[in-house]
Amino acid sequence: MSYVSLFGEIAELAGLHFTGDIPVEYSDEVRQGFLVAVDTGVLFDKRREEELFQPVDKSVTDLLGDYFPEERKVIIYTKVCESTANSLGLRYDHLEYVVAAHEISHAITHLGEERFPGSGIIWDWYPYADLWDKELFAQLYPFLHFGHYGKREVLDVFQKLSANQLPIYNSWKPYRHISVREVNELLSLTRLRRFCAWINLDPPAVEEKIALP
Ligand SMILES: [Zn+2]
């Protein structure tokens with residue numbers, strides 16, 4: 001499946017300028033140490049198999065696909081996606097689309113430029129940013145995209161998958177009623193946060209900008 005248009009659509013939604021070329025690759029490897037439990041589809045850490053499938057540490061993320069910020073590429077793990085689709089009763093093509101949108105959102109929030117002419121302002125410290133911040137936007141933009149483009153079935157798969165994932169993939173839920181513009185403002189503030197730390201100021205209070213439901 002080609003995901004070229006998805007890069008442009010998510011960048012447009014996020015109000016960012018992006019013209020880069022990020023490859024989306026496929027791998028049938030299961031990332032070392034992990035498996036998918038047949039009954040629930042929730043990912044488990046194989047290294048703890050003897051402990052009756054303890055859920056993976058919440059710091060371990062993105063097992064269905066991954067975005068590599070240094071190499072600037074996306075990989076979709078087809079075997080893990082297949083197992084997850086089968087165990088949750090989801091259509092594979094819809095699940096793959098959800099995974100691609102998540103990883104592409106990582107790439108766009110990292111490399112998309114603020115839209116002042118020739119700004120070149122990206123999330124340059126992205127590789128060191130807080131995982132919860134990164135996963136919040138990688139879930140929020142697909143959620144907004146599927147709604148915006150009327151992809152109801154894909155949105156349904158996104159929500160079913162999310163319900164079976166770790167809390168870090170569910171942090172988008174309190175934000176589901178706020179507007180695209182407000183999400184974009186929140187992203188801008190998050191990308192600026194380290195700059196605020198450098199100049200020894202508190203980051204702007206998000207609550208003042210956005211009335212959360
Ligand atoms: Zn992610």
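## Exercises on a predicted model

**Exercise 1. Check the length of helix α5 against what its twelve residues should span.**

Solution. At 1.5 Å a residue, the twelve residues of α5 should span 16 Å, and its end C-alpha atoms lie 17 Å apart, which agrees. The expected span is 1.5 Å times one less than the number of residues. Helices (H or I, at least four residues) and strands (E, at least two) are DSSP runs, numbered from the N terminus.

Two notes before we go on. Residues are numbered from 1 along each chain as its sequence is written. The model is predicted, so local features need pLDDT of at least 70 and side-chain atom pairs count only at pLDDT 80 or more, while totals for chains, interfaces and linings use all residues.

**Exercise 2. Find which residues of α5 are buried, and where they sit around the axis.**

Solution. Start with the term: a residue is buried if 20 or more other C-beta atoms lie within 10 Å of its own, exposed if 12 or fewer, and partly exposed in between, with C-beta atoms placed from the backbone. In α5, Val-154, Val-157, Phe-158 and Leu-161 are buried. They cover an arc of only 105° around the axis (taken from the directions from the helix axis to the C-beta atoms), which puts them on the same side of α5. Next, look at the face turned away from that side: Arg-152 and Ala-163 are exposed there. Finally, the buried residues of α5 pack against α2, α3 and α4.

**Exercise 3. Describe the open sheet of three strands.**

Solution. Two strands pair if DSSP finds at least two bridges between them. The strand order is β2-β6-β5, with mixed pairing. Here β2 (24-27) and β5 stand at the edges with a single partner strand each, so one side of each has no neighbour in the sheet. On average, neighbouring strands are turned by 25° against each other, direction ignored. α2 lies across β2 and β6, at about 45° to β6. Such angles run from 0 to 180 degrees between N-to-C directions, with axes fitted to C-alpha atoms, for helices over the stretch in contact.

**Exercise 4. Is Ala-107 buried or exposed, and what does it touch?**

Solution. Ala-107 is in helix α3. With 24 other C-beta atoms within 10 Å, Ala-107 is buried. Contact requires C-beta atoms, placed from the backbone, within 7 Å. Leaving aside neighbours within four places in sequence, Ala-107 is in contact with Ile-22, Tyr-67 and Val-74.

Conventions. Contact = placed C-beta atoms within 7 Å.
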